[in-house]
Amino acid sequence: MRDSGMTPPTTDADSIAKQIRQAYDARNLDGLAPLLAADVTWGDPGTARGCRNRSDVLATYSRLMSDGVDGEITELIQGPTGLLCGLTVHWPDETQGRDERSVFHVYRVQDGLITRIDRFDDRDAAAQSAGLL
């Protein structure tokens, strides 16, 4: 399901990966928005923290950014069942300044749009989910 007002990106996985990297590097939600399906999910949509659509995902990213969370992509690999995105995330920590963590997302892509984002704390689990192991 697509919003009629948005132009979808090309369906080439390398192009989508490049656009994801550009949006993250620039901290540009306007660059991320057209990559997301209108009904994209992130996490468990049945929970309070789960995202049920593009607006939820963008609001979550916006909230994290306004809370001072920052990060960079360490790897972005196309697997048979998804794009594996490794991230080093810097969380604000009042007692120690910054708390750095590695997290992994697997983006499911259908018809040129991200339809699901799954978060993993373990790279091997993420790689397996993306079909790389």
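Close-up 1. With a relative accessible area of 30%, Ile77 is partly exposed, a class that lies between buried, under 20%, and exposed, over 50%, for a 1.4 Å probe and protein chains only. Ile77 is found in strand 2, residues 70-79, where strands (E, at least two residues) and helices (H or I, at least four) are DSSP runs numbered from the N terminus. Together with Leu132 and Leu133, Ile77 makes a nonpolar surface patch of about 260 Å². The model is predicted, so local features need pLDDT of at least 70 and side-chain atom pairs count only at pLDDT 80 or more, whereas totals for chains, interfaces and linings use all residues. Residues are numbered from 1 along each chain as its sequence is written, and side-chain values use heavy atoms, with hydrogens and water left out.

**Close-up 2. Ala26 in helix 1.** Ala26 is found in helix 1, which covers residues 13-26, and counts as exposed because its relative accessibility is 52%. Although Ala26 and Glu72 are 46 residues apart in sequence, their C-alpha atoms are 9.9 Å apart in space.

**Close-up 3. The largest pocket.** The largest pocket has a volume of about 730 Å³. Of the 32 residues that line the largest pocket, Trp42, Thr60, Tyr61, Leu64 and His105 are the closest to its centre. Two or more lining residues come from each of helix 1, helix 2 (29-32), helix 3 (54-66), strand 2, strand 3 (82-93) and strand 4 (97-110), and helix 3 gives the most, with six residues. By class, the lining of the largest pocket has 15 nonpolar, eight polar and nine charged residues.

Conventions. Patches are made of residues with over 30% relative accessible area and no salt bridge: like charges are joined within 9 Å, nonpolar side chains (Val, Leu, Ile, Met, Phe, Trp, Tyr) within 5 Å. Accessible areas come from the Shrake-Rupley method with a 1.4 Å probe; for residues, only the protein chains shown count as cover. A salt bridge is a side-chain nitrogen of Lys or Arg within 4 Å of a carboxyl oxygen of Asp or Glu. On a 1 Å grid over the protein atoms alone, a cavity is a set of points where a 1.4 Å probe fits but cannot get out, and a pocket is an open set with protein on both sides within 12 Å along at least five of seven lines; lining residues have an atom within 4 Å of a point. Grid points are joined across faces, edges and corners, and a volume is the space filled by probe spheres set on the points. Ala, Val, Leu, Ile, Met, Phe, Trp, Tyr, Cys and Pro count as nonpolar, Asp, Glu, Lys and Arg as charged, and the others, Gly among them, as polar.
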